[in-house]
Amino acid sequence: RDQLMSEGYAVVKGAIPSERAYFYQQKAFEWLKSFDHSLDLNNSSTWEKANLPVQTDKNTYEAYGVVHERFMWEARMEPGVVGAFAKIWGTEQLLVSFDSLNITLPGLKQTRAPWPHVDQPPRKRGLHCVQGIINLSHAGPEDGSLVVIPRSHKFVEEFFDTRTDPTTWEWKDNRYFDSKDMDWFNSHGLKPKRVEAEPGDLILWDSRTIHWGGEPTEKSKTIRTVIYAAYAPASMASKEAIIEKQKVFAANGATTHWAHDNIKLRAPYATLPDGTIDPRDRSEPLEKPEKTDKLLKLAGVKAY
């Protein structure tokens with residue numbers, strides 16, 4: 001928690017036992033292969049887009065009901081994950097985001113340029129959102145991983161106040177930075193850092209910390225596998241947000257990185273590049289989770 005506050009990010013080592021992390025990764029692979037049985041994750045020649053479900057340009061999967069697959073919920077409810085956020089926020093009465101799955105196959109496409117951004121709008125000040133990555137694969141210096149600008153969370157409000165026009169501020173839950181913007185942060189001695197982690201580690205960061213998804217280099221052989229999950233006190237959510245969250249849950253839908261605010265249905269359909277809906281689209285998960293009391297409270301369906 002102290003590192004999160006001072007550096008804007010932290011890694012909780014071994015939040016999930018390694019054997020459980022391996023189990024969740026294998027369940028993620030099973031889900032991926034369910035769309036085309038010719039896909040062999042040990043044979044890169046089968047890694048064709050036609051064999052894969054529709055993915056966002058950020059390597060994430062959020063359609064097909066994947067957000068509510070049993071393995072996704074079980075990972076979100078791991079005691080070491082929930083417990084870390086409970087210590088940060090000082091309460092066990094938490095909500096969780098309905099966030100996406102990332103499976104990045106190395107060498108499948110051209111490397112994207114960095115896309116630095118924050119996931120908190122300029123009008124919101126102070127700590128509002130702590131994001132998380134449940135890491136299910138090795139993330140070394142050559143592998144896909146989160147890239148952060150340590151301590152940038154302490155400078156973004158000054159940047160917005162001195163380098164931007166408040167009349168242009170939007171209520172969107174993110175703000176992107178161009179190269180000229182980044183020159184200002186660089187002038188304050190802030191430099192990017194690729195976060196390294198092992199299966200079972202939990203990566204945390206303040207939503208005001210500038211970050212992006214770092215692509216694997218040509219040397220990487222690792223299939224990056226992570227689950228995004230953010231938690232926030234249920235007391236921070238408005239009645240309207242809870243109602244919207246319940247609607248998204250009922251639709252087996254995805255939300256943003258926020259657990260308690262900015263709630264909106266994300267990617268209701270798996271849309272192909274030509275704009276049509278993928279005929280393989282699903283309205284519910286392949287393996288439904290057990291709707292326990294704990295799950296329903298985290299989902300905002302049942303009150304604490």
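Aromatic ring pairs, counted in this predicted model, number 17; rings of Phe, Tyr and Trp (its six-membered ring) form a pair if their centres lie within 6.5 Å, with planes under 30 degrees apart called stacked, over 60 edge-to-face and the rest tilted. A pair of aromatic rings is described by the distance of the centres and the angle of the planes. In one of these pairs, the ring centres of Trp31 and Tyr64 are 6.2 Å apart and the planes stand at 70°, so the pair is edge-to-face. Trp31 belongs to helix H2, while Tyr64 lies in the loop between E2 and helix H3 (70-76), so this pair ties together parts that are 33 residues apart in sequence. Both Trp31 and Tyr64 are buried, where buried means under 20% relative accessible area, exposed over 50%, and partly exposed in between (1.4 Å probe, protein chains only).

The rings of Phe159 and Phe185 have centres 5.1 Å apart and planes at 35°, so this pair is tilted. Phe159 is in helix H5 (residues 156-163) and Phe185 in helix H6 (residues 179-186), so the pair ties together parts that are 26 residues apart in sequence. Phe159 and Phe185 are both buried. Ring pairs also link these two residues with Phe160, Trp169, Phe177 and Trp184 into a cluster.

Residues are numbered from 1 along each chain as its sequence is written. Because the model is predicted, local features need pLDDT of at least 70 and side-chain atom pairs count only at pLDDT 80 or more, whereas totals for chains, interfaces and linings use all residues; side-chain values use heavy atoms, with hydrogens and water left out.

Lys245 lies over the face of Phe98, at 4.2 Å from the ring centre, and the charged end of Arg282 sits over the ring of Phe35, 3.9 Å from its centre. The rule for such a placement is that NZ of Lys or CZ of Arg is within 6 Å of the ring centre and within 35 degrees of the ring normal.

The next topic is the sheet. Strands of a sheet pair through backbone hydrogen bonds, either parallel or antiparallel. Here an open sheet of six strands has the order E1-E10-E6-E12-E4-E2, with antiparallel pairing; two strands pair if DSSP finds at least two bridges between them. Strands (E, at least two residues) and helices (H or I, at least four) are DSSP runs, numbered from the N terminus. Strand E1 (9-12) and strand E2 (60-61) stand at the edges with a single partner strand each, so one side of each is left without a neighbour in the sheet. E6 (residues 130-135) and E12 (residues 224-228) are joined by three bridges in the antiparallel sense, and Tyr228 in E12 is the bridge partner of Ile133.

Helix H2 (residues 18-33) lies across E2, strand E4 (101-104), E6 and E12, running at about 80° to E4. Such axes are lines fitted to C-alpha atoms, for helices over the stretch in contact, and angles run from 0 to 180 degrees between N-to-C directions; contact means heavy atoms within 4.5 Å. The buried residues of H2, including Tyr24, Phe29 and Trp31, pack against E2, H3, E4, E6 and E12. Helix H4 (residues 79-89) lies across E1, E6 and strand E10 (202-206), at about 160° to E6.
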